Amino acid sequence: WERSEVVTYSVPKSARQKPQTGWQLCDLAGQSVPLQAQTVRQAEQTFNELTFLANQVPGVGYRGYWLYPADATAGRTPPPPSTAPAAVLENELLRVSIDTRTGDIACLLDKAQSRQVFSGPANQLQAFRDRGQYWDAWNIAPDYESHPLPPAQLESITWLERGPLRQRLAVVRQLGQSKITQHYILDINSPLLKIATWVDWQATQVILKVNFPLTAEAEQATYETPFGTITRSTRSQTACEQAKWEVPALRWADLSAENAGVSLLTDCKHGFDAQPNQLRLTLLKAPLWPDPKADRGQHHFTYAIYPHRGNWQQTPQQASALSLPLTTRTPETQARNQLAAPAARSFLQLSPANLVLAAFKPAEDSADEFILRAYDASGQGGQLVQSNALGLAIAQPVNLLEQPVSSCPNRPYQIHTYRLKT
């Protein structure tokens, strides 16, 4: 699907580059594109980090831009007004206040619906003793909540970016012998508050969770599964439900009630627990068996909060965008010369919107034919319609083994697989 997202492009800073030289960006029609620039240093090298809004990038395609040296004032982000709140991130959709004593989220206002999302401190790091399980690396102790550990202690809060395109606030906390650095990131026009996290994990038999208490209540939580979703009760009544103090999901979990909800998105963490007005995500464990040093050391991951109207139907797209953000590429010289036409292009289009591309690959038995697979991410059903710029047409429906079948039924959560050829 078409996406508009804030992206970052890093340009190595040359020692011969004139100090007064800045950068300017325009689309291939020559229209200037706002640029947020800053200088960063990584691995003993200095970069110009350029941030801009990539607008209406076609699905399975690209949009081109020109980047060129400019006057010192071009592309520079003006300093924030002196009256701006000290620890508040805000765009058109969200207003986020950070508690300067703890580093937690003190308040998140969903401006589109004029509602407070959280009922208490959110993004609250919670550590518990996690012992007594034979399969230490896999099992979580059922009584872990009875053994809370001292809370994380705030070390610093620092603004990294406060421009019109992206706001980034760094929070550093100490938890026992572990240091946790988190960046609260809010982009222009984005409904997501992203939390990029770096951890130097030095715990033993400890489980680390992050807590989000909600103002709304829901009887069921919805979780993403492979090619679908599953709902589970948030009120554990039966022995079976009580045994699920931790449940798996792929990229998101959601609590929705009446006409609004909140999704917790993750790029690589998959353990959740839910109550009627609370979502938690498991971030790290520290087992001793079978590897006494398992998980110790450096970790990097990102999760995000997504307040929304209605139920979770738009959450799969938001979760996919978090896990697979738009990337920037510098074309080779020959491709660069051809880039003027077209300025933007999609190689493959799918509809309806709830059908998500899962695979596009050469067929196993023919390098001249291709396999297209899509799935219904929202359970709404729909017959796949595709068009492409590669001169390929649907030859026949196939199953997951790429064997011919008579037809592909139109059912909720259906997986659609087709063989394409010229």
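Predicted model: local features only at pLDDT ≥ 70, side-chain atom pairs only at ≥ 80, totals over all residues.

Reader: Let me begin with the rings. How many aromatic pairs does the structure hold?
Author: There are 13 aromatic pairs in the structure. One of them is formed by Tyr-62 and Phe-347, whose ring centres are 6.2 Å apart with 45 degrees between the planes, a tilted arrangement.

Reader: Where in the chain do Tyr-62 and Phe-347 lie?
Author: Tyr-62 belongs to strand β6 (residues 61-63), while Phe-347 is in the loop between β26 and β27. The two are 285 residues apart, and their pair links distant parts of the chain.

Reader: Is Tyr-62 buried, exposed or partly exposed?
Author: Tyr-62 counts as partly exposed because its relative accessibility is 24%, which lies between the limits of 20% and 50%. Phe-347 is also partly exposed, at 28%.

Reader: What kind of pair do Trp-135 and Trp-289 make?
Author: Their planes stand at 70 degrees and their centres are 5.5 Å apart, so the pair is edge-to-face. The cut-off behind this is that planes over 60 degrees apart count as edge-to-face. Trp-135 sits in the loop between β12 and β13, and Trp-289 in the loop between β24 and β25, 154 residues apart. Trp-135 is partly exposed at 44% relative accessibility, and Trp-289 is partly exposed at 38%.

Reader: Which residues make up the cluster that includes those two?
Author: The cluster consists of Tyr-134, Trp-135, Trp-138 and Trp-289, linked by ring pairs.

Reader: Which ring does the charged end of Arg-162 sit over?
Author: It sits over the ring of Trp-159, 4.5 Å from the centre of that ring.

Reader: A change of topic, please. How many disulfides are there?
Author: The structure holds 0 disulfides. A disulfide is a covalent bond between the sulfur atoms of two cysteines. As for individual cysteines, Cys-107 is partly exposed with a relative accessible area of 23%, whereas Cys-408 is buried at 14%.

Reader: You mentioned a histidine. Is His-308 buried or exposed?
Author: His-308 lies in strand β25 and counts as buried, because its relative accessibility is 4%, under the limit of 20%. Its side chain reaches the backbone oxygen of Asn-311 at 3.0 Å.

Reader: Lastly, the strands. How many residues of β9 are buried?
Author: In strand β9 (residues 94-98), 4 of the 5 residues are buried, so the strand is mostly covered.

Reader: Which strands pair with β9?
Author: Strand β8 (residues 88-90) pairs with β9 in the antiparallel sense over 3 bridges, and a hairpin of 3 residues joins them. Strand β10 (residues 105-110) also runs antiparallel to β9, joined by 5 bridges.

Reader: What stands opposite Arg-95 on each side?
Author: Glu-90 stands opposite Arg-95, and in β10 the bridge partner of Arg-95 is Leu-109.

Reader: And what is in the turn between β9 and β10?
Author: The hairpin has 6 residues between the two strands, and Gly-103 in the turn has a positive phi of about 85 degrees.

Key: Residues numbered from 1 in each chain as written. Heavy atoms only, no water. Phe/Tyr/Trp six-rings, centres within 6.5 Å; stacked < 30°, edge-to-face > 60°. Buried < 20%, exposed > 50% of the residue type's maximum accessible area, 1.4 Å probe, protein only. Lys NZ or Arg CZ within 6 Å of the ring centre and 35° of its normal. Disulfide = S-S within 2.5 Å. Polar contact = N/O pair within 3.5 Å; in protein donor to acceptor, adjacent residues only side chain to side chain. Pairing = 2+ DSSP bridges.
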